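Colleague: I have a model open on my screen and would like to learn how to read it. Could you walk me through a few of its features?

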Amino acid sequence: MDNENRPVFRGTPKQERELKKVIEKHKNQPGGLMPTLQEAQGIYGYLPYEVQKMIAEGLGVPLSEVYGVATFYSQFSLTPKGEHRISVCLGTACYVKGADKILAAIEERLGIKTGECTPDGLFSIESCRCLGACGLAPVMTVDGEVYGKCTPESAVKVIESYLSKEV
Amino acid sequence: MQMTIEKLNEIQERNKELVALRKLIAEQASEMLEHSQYRKQILVCGGTGCTSSGSKKVIDALEAEIKEKNLTDVLVVKTGCFGLCALGPVVIVYPEGAFYSQTTVEGAKRIIDEHIIGGKICKDLLYPETVCENGEILPLNATRFYKKQMRIALKNCGVIDPENIEEYIALDGYKALHKVLTSMSQDEVIETMLASGLRGRGGAGFPTGKKWAFAKASKGDIKYVCCNADEGDPGAFMDRSILEGDPHAIIEAMAIAAYTIGAHEGYIYVRAEYPIAVDRLKIAIAQANEYGLLGKDIFGTGFDFNLEIRLGAGAFVCGEETALMTSIEGKRGEPRPRPPFPAVKGLFGKPTVLNNVETYANVAQIILKGADWYSSIGTETSKGTKVFALGGKITNVGLVEVPMGTTLREIIEEIGGGIPDGKKFKAAQTGGPSGGCIPACHIDTPIDYESLSRIGSMMGSGGLIIMDETTCMVDIAKFYLEFTCEESCGKCSPCRIGTRRLLQLLEKITAGKGTMEDLDKIEELSSHMKVSCLCALGQTASNPVVSTLKYFREEYLAHIVDKTCPAKKCKALLKYRIVSDKCKGCTLCARNCPVKAIKGTVKQPHVIDGDKCIRCGVCMSNCKFGAIIKD
């Protein structure tokens with residue numbers, strides 16, 4: 001891992017206590033690494049090097065294995081996410097109904113690409129594979145809230161509604 | 001609690017009327033109502049589709065209104081999916097069976113005031129198909145969407161409250177488990193499953209009874225049963241709906257499978273993208289444990305069975321059976337070579353049975369109603385029903401369950417209500433990134449395992465995406481390759497490199513730079529991948545390209561030879577043009593063009609410089625006179 005470009009780790013003692021509890025819970029469970037990483041990401045929002053190291057030591061597995069699993073699955077993130085997480089569904093049903101145009105409109109509005117976070121840390125954009133809400137295609141979510149039957153215009157309006165809440 | 005058959009029967013008796021009411025039509029129900037605690041039952045869909053369109057708010061509004069008006073004889077039930085996801089939030093009022101669609105908070109208040117209190121159904125809020133010209137109201141199962149359907153796997157979805165185990169028991173729940181544990185040998189269960197003809201609903205169609213027989217025959221002190229709920233095919237949501245609407249059916253079937261092969265532990269591997277399904281499963285497992293239907297000494301027979309949930313983390317390859325097991329073990333979800341097959345050496349190296357959610361959803365009913373009943377449904381080699389997630393360019397988007405052998409035409413034109421906006425049906429895609437497309441000329445193909453693979457597609461897990469004339473088949477093939485390329489785990493090189501090379505060839509073609517040799521390369525590479533990739537992901541990754549190339553070769557040729565995209569989807573091949581007769585010379589397009597590609601003077605027709613144009617479409621969406629067209 002590149003040490004120089006890593007964002008500063010700002011974990012709190014409270015988070016660390018929670019993580020220790022999680023590690024304790026899964027320590028002797030067969031296949032406990034995945035649930036540990038999932039709950040750790042729930043605590044910290046992402047899986048920085050420091051957290052991976054604590055998990056490796058706590059569970060008694062090599063750090064390389066923790067890193068290997070954390071980088072294999074798309075839901076684990078090694079970098080912090082935006083305060084508001086935008087996710088555009090690129091499942092087939094949504095794609096056929098023009099999800100690519102929605103993603104492009106949001107990228108243009110925020111000036112970032114999918115997978116990136118705005119410089120102020122407010123928004124990050126992800127694409128996801130099918131939320132199973134195909135009846136409402138095309139679909140996007142912001143912080144887990146689902147917005148269905150989107151158009152590029154309505155999607156941008158949704159983003160702007162979050163922006164105006166911030167001011 | 002130690003569950004006994006007497007207790008089970010008692011719970012069933014106690015809840016029978018409550019649930020039976022929802023399966024009857026008004027006249028039959030009135031007699032039953034006299035004994036019932038509730039005069040009316042309001043069912044609201046709490047599945048992902050309806051929740052996304054706001055069913056929670058509708059439930060809150062209904063409950064608030066009921067409390068305010070002090071209606072103690074009205075019950076609100078949150079159910080699983082009714083199937084018509086595009087019409088959500090869906091509300092059904094029993095005993096009338098009035099089907100309200102796209103219900104709002106205001107609508108909910110009117111339902112309480114006018115229908116529940118006033119006794120007058122709000123006809124303007126009903127799903128229009130259920131209102132006849134003479135004003136009569138049809139029950140839901142008489143509408144075109146439901147008429148040809150046959151619900152076995154979805155039997156309880158939209159009927160029971162999935163968070164209440166007693167409602168599941170009321171409809172014969174856990175009776176099959178009792179029957180198996182007290183009166184059937186392991187071999188008898190296997191024989192029943194074999195005779196029923198049930199085949200794996202995950203896509204490959206392997207006979208379920210055979211799978212169980214192999215695992216039973218494997219020697220080992222510890223064995224496992226697993227449920228594959230990692231529904232990764234984008235555009236498919238059958239398994240999600242079953243888990244959300246009827247989680248106990250899966251738990252019961254897994255316990256039956258465990259007894260049959262001699263396992264005492266089970267895992268359900270669910271996608272983390274399905275939070276509602278996960279919650280319902282957690283509740284269901286806790287309730288089953290509480291009622292003694294999971295855990296130690298079930299029905300006093302000495303049979304123990306524990307069930308755990310494991311969440312996926314967004315890797316499509318984990319839907320492959322060996323990769324799924326590797327993932328449950330907490331590792332990178334990479335597939336393992338077979339043999340050894342999971343029935344011999346599966347999870348944690350022990351003999352394992354892994355079935356798909358929908359497969360399990362059929363098991364309890366086969367045990368209760370018999371193999372003969374099940375095998376009487378469907379075709380010669382494909383028995384029973386199949387659930388499809390109907391999506392894309394179709395009027396009735398939603399979940400449908402039809403007997404095997406139903407034709408694609410019946411699904412699209414009758415159940416699906418046809419293609420919207422007067423467009424023409426072009427192709428249907430089954431099997432997602434592993435499947436192929438079915439062109440309009442094969443619309444009368446009966447849907448069963450053999451017929452679909454004969455025409456170059458596959459049953460798949462049940463995603464059925466309908467495409468119309470505005471869908472570019474080369475672009476769709478590219479879309480699926482982007483998907484498999486991103487989801488290839490990288491373990492074997494034919495898949496890791498092959499998917500990327502295929503994608504690059506398709507990108508070249510959609511960019512207008514393709515050559516005829518590229519088509520030969522695609523065919524050669526595809527045939528290599530089919531035989532040399534480690535798992536099904538790679539072996540089938542080329543299917544979307546091969547089948548579109550087979551049926552829509554002329555579309556590929558248009559991209560390569562004529563440098564045009566007939567569906568007008570591939571950006572690089574589009575040409576924007578101003579129709580000079582229609583152009584008023586308002587200059588709006590020229591002012592908005594980001595690359596200054598439009599020239600012209602005021603009140604004179606403008607012209608687009610094709611070399612400069614980046615095909616962003618801004619001019620076309622701004623033009624007030626419809627003077628700009630795409631060629």
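Modeller: Gladly, starting with strands. Two strands pair if DSSP finds at least two bridges between them. Helices (H or I, at least four residues) and strands (E, at least two) are themselves DSSP runs, numbered from the N terminus. Before the examples, a word on the model: it is predicted, so local features need pLDDT of at least 70 and side-chain atom pairs count only at pLDDT 80 or more, while totals for chains, interfaces and linings use all residues. Residues are numbered from 1 along each chain as its sequence is written, and chains are lettered from A and ligands numbered from 1 in the order in which they are written.

Colleague: In which sense do strand E1 and strand E2 of chain A pair?

Modeller: Strands of a sheet pair through backbone hydrogen bonds, either parallel or antiparallel. Strand E1 (residues 84-89) and strand E2 (residues 123-128) of chain A are parallel, with six bridges, and His84(A) faces Phe123(A). With strand E3 (residues 140-142) of chain A, E1(A) pairs in the antiparallel sense over three bridges; there Val88(A) stands opposite Met140(A).

Colleague: In what order do the five strands of the open sheet in chain B lie?

Modeller: The order is E7-E8-E6-E5-E9, with mixed pairing. Strand E7 (295-298) and strand E9 (352-356) of chain B are the edges, each pairing on one side only. Inside the sheet, strand E5 (residues 224-229) and strand E6 (residues 265-270) of chain B pair in the parallel sense over six bridges, and Ala229(B) has Val270(B) as its bridge partner.

Colleague: Which helix lies across E6, E7 and E8 of chain B?

Modeller: Helix H13 (residues 275-290) of chain B does, running at about 160° to strand E8 (303-311) of chain B. For such angles, axes are lines fitted to C-alpha atoms, for helices over the stretch in contact, and the angles run from 0 to 180 degrees between N-to-C directions. Two residues are in contact if their C-beta atoms, placed from the backbone, lie within 7 Å.

Colleague: At what angle do helix H11 and H13 of chain B cross?

Modeller: Roughly 35°, with the axes of helix H11 (residues 238-245) of chain B and H13(B) coming within 8 Å. Their crossing is left-handed (the near helix is turned anticlockwise from the far one by less than a right angle; clockwise would be right-handed). The contact joins Arg240(B), Leu243(B) and Glu244(B) of H11(B) to Ile276(B), Ala277(B), Arg280(B) and Leu281(B) of H13(B).

Colleague: How are H1 and H2 of chain A placed relative to each other?

Modeller: Angles under 35 degrees count as roughly parallel, over 145 as roughly antiparallel, 65 to 115 as roughly perpendicular and the rest as oblique. Helix H1 (residues 13-26) of chain A packs on H2(A) at about 165°, their axes 10 Å apart, so the two are roughly antiparallel. This crossing is right-handed. Contacting residues include Leu19(A) and Val22(A) of H1(A) and Ala40(A) and Ile43(A) of H2(A).

Colleague: How many residues does each chain give to the contact between chain A and chain B?

Modeller: Chain A gives 30 residues and chain B gives 41. On the side of chain A, helix H2 (33-44), helix H4 (63-72) and helix H5 (92-96) each give two or more, and H5(A) gives the most, with four residues.
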